[in-house]
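Subject: Structure handover and notes

Hello,

Please find the sequence and the structure below. My notes on what was found follow after them.

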Amino acid sequence: MLQSMKISGGTPLVGTIEISGAKNLALPALAASLLTDGNLSLHRVPNLEDVKSMLRLLVHLGVDMGDLMAGTIILTANGLKTLDAGYDFVRKMRGSILVLGPLVARFRKAAVSLPGGCAIGARGVDLHLKALEHMGASITIENGYINASAPNGLIGCDIILPIPTVTGTENILMAATLAKGITRIINAAMEPEVAALADLLIKMGAKITGHGSSIVTIDGVDSLSGTDFTILPDRIEAGTYAIAAALTNGKLLLKNCKYDHLAALFDALHLAGVTHQVHREAGNEYEDIEVWRNIEIINPVSIQTTPFPGFATDLQAQFMTLMTICNGTAAITENIFENRFMHVPELSRMGANISIHGKTAIVTGQPFLRGTNVMATDLRASVSLVLAGLTAHGETIVNRLYHIDRGYENIDQKLRTCGANIERFTV
Ligand code: EPU
């Protein structure tokens, strides 16, 4: 049954929001369980549809696990039933490709269905496959399946990525931990989730240096062991709520996030007239960030999405919603994905003035948006519509809510606690 969300806009959000664990670290961390026969205990795992999809895939492969309880799950891959990640398990989530590297590295063989079509662009996995081929795997694609085998194991080498692909870097990183010899990933993705995955692998016994920079070196080991690991806070969730505070002219305290992971967003928000204050407590590796609007009407700010540490593509739609009520015109350029403006027609239906010119959207601010029926098309597009609904005059219905549940833990509850007039219903 499909779910929708009804939002009566206009209430400033005021209160405290605890930031959940990062979806885009939880997914590769769960896949890393395939690299060892030991117990991998993961903490602060967010309860999200994408996480459930990954858990279903791992159960299908034969990974033993308890329930996800209060953010903790223990996984043991010491007797896999199959090395075949079929279409039914993979089609819902592109992140399923993250099982390929670990399976080939440890079991020397895998069949993974090509991840289903994705709304935000072609998003091939060619770079993942080329890298594994470079490491000695033979790969064929038949009937929509990637068949990979490396009967003698993977062999370390230099891999030069033409694009710093995030999950591609993570797949190579995991594969290289158990390869023979040294692998260097050149032009590696520098996203905090990639560096944190390397931290997890090091705790499991991997030899990795340079993670977090564009050249990562991995010296293969014979085996990895289980460990305990806590997932980083979700910078995209925190950024989304920071924008919500600005949009609704409220004041939010975002608990337990990492300011350094959000610096590009807070720079843009500062120019828009939004203030933030970072609170650090001795002994807490995370920070609390207080965010509020400091200006009557938001200033126009043009942004371009780029790989980390630049402005995150996963915050582009939300920032565009903020610009729909700015005091002028802003240019929003999407450089990472070729089709990530699907929120534009829906925002336009709410009264936004946006025109698309290639990879740039020109947004001319309006005094206000008007609530109406809108359709969520992908995760970040859908949350941008929820944000629009929070600031709009009147009532907004966001349909096809399942996209939001892929990546935002308890979003309606978190927003309601801060005063949002929001209700979920089944249609
Ligand atoms: N690309 C290729 N070939 C490849 C891999 C990537 O052409 O083999 C292209 C893609 O088509 C895209 C660009 O390279 O145009 C960058 O894609 P990347 O591989 O970096 O993206 P991803 O690894 O598939 C992750 C996140 C995305 C996030 C991007 C960019 C996960 C599970 N997903 O995707 O998160 O937008 O990096 O930062 O980590 C989201 O959370 O909403 C989301 C889409």
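Where is the place of Asn 143? Asn 143 sits in the loop between strand 8 (138–142) and strand 9 (145–149); helices (H or I, at least four residues) and strands (E, at least two) are DSSP runs, numbered from the N terminus.

Before the rest, the ground rules. This is a predicted model, in which local features need pLDDT of at least 70, side-chain atom pairs count only at pLDDT 80 or more, and totals for chains, interfaces and linings use all residues. Residues are numbered from 1 along each chain as its sequence is written, and side-chain values use heavy atoms, with hydrogens and water left out.

Backbone in the loops

Asn 143 has a positive phi of about 45 degrees although it is not a glycine. At 77% relative accessibility, Asn 143 counts as exposed; buried means under 20% relative accessible area, exposed over 50%, and partly exposed in between (1.4 Å probe, protein chains only). Asn 410 also has a positive phi, near 50 degrees, in a residue other than glycine. Asn 410 belongs to the loop between helix 13 (402–405) and helix 14 (411–417), and with a relative accessible area of 44% Asn 410 is partly exposed.

Pro 309 is in the loop between strand 18 (303–304) and helix 10 (316–323).

Four strands form an open sheet with mixed pairing, in the order 2-15-17-16; two strands pair if DSSP finds at least two bridges between them. Strand 2 (14–18) and strand 16 (274–280) are the edge strands, each pairing on one side only. On average, neighbouring strands of this sheet are turned by 20 degrees against each other, direction ignored. Axes here are lines fitted to C-alpha atoms, for helices over the stretch in contact, and angles run from 0 to 180 degrees between N-to-C directions.

Strand 16 and strand 17 (residues 287–293) run antiparallel and are joined by seven bridges. Arg 280 has Glu 287 in strand 17 as its bridge partner.

Two helices lie across strands of this group. Helix 8 (residues 235–247) lies across strand 2, strand 15 (251–257), strand 16 and strand 17, and runs at about 170 degrees to strand 15. Helix 9 (residues 263–272) lies across strand 16 and strand 17, at about 135 degrees to strand 16. Contact means heavy atoms within 4.5 Å.

A hairpin

Strand 20 (residues 353–357) and strand 21 (residues 360–364) run antiparallel, with five bridges between them. Ile 354 stands opposite Val 363 in strand 21. The hairpin of these strands has two residues between the strands, and Gly 358 takes a positive phi near 60 degrees there.

Cavities and a pocket

On a 1 Å grid over the protein atoms alone, a cavity is a set of points where a 1.4 Å probe fits but cannot get out, and a pocket is an open set with protein on both sides within 12 Å along at least five of seven lines; lining residues have an atom within 4 Å of a point. Grid points are joined across faces, edges and corners, and a volume is the space filled by probe spheres set on the points.

The count comes to three cavities of 30 Å³ or more. The largest cavity has a volume of about 90 Å³. Of the 13 residues that line the largest cavity, the closest to its centre are His 261, Ala 264, Leu 265, Gly 310 and Ala 312. Helix 9 gives the largest share of that lining, three residues.

The second largest cavity holds about 40 Å³ of space. Its lining consists of Ala 22, Lys 23, Asn 24, Glu 193, Asp 234, Ile 236 and Arg 380.

The second largest pocket holds about 280 Å³ of space. Of the 18 residues that line the second largest pocket, Leu 247, Arg 293, Ile 325, Pro 367 and Thr 391 are the closest to its centre.

Ser 382 is found in helix 12 (residues 379–391) and is buried, with a relative accessible area of 0%. Ser 53 lies in helix 2 (residues 49–61) and counts as buried at 8% relative accessibility. Leaving aside residues up to four places away in sequence, Ser 53 touches Lys 92 and Met 93.

Regards
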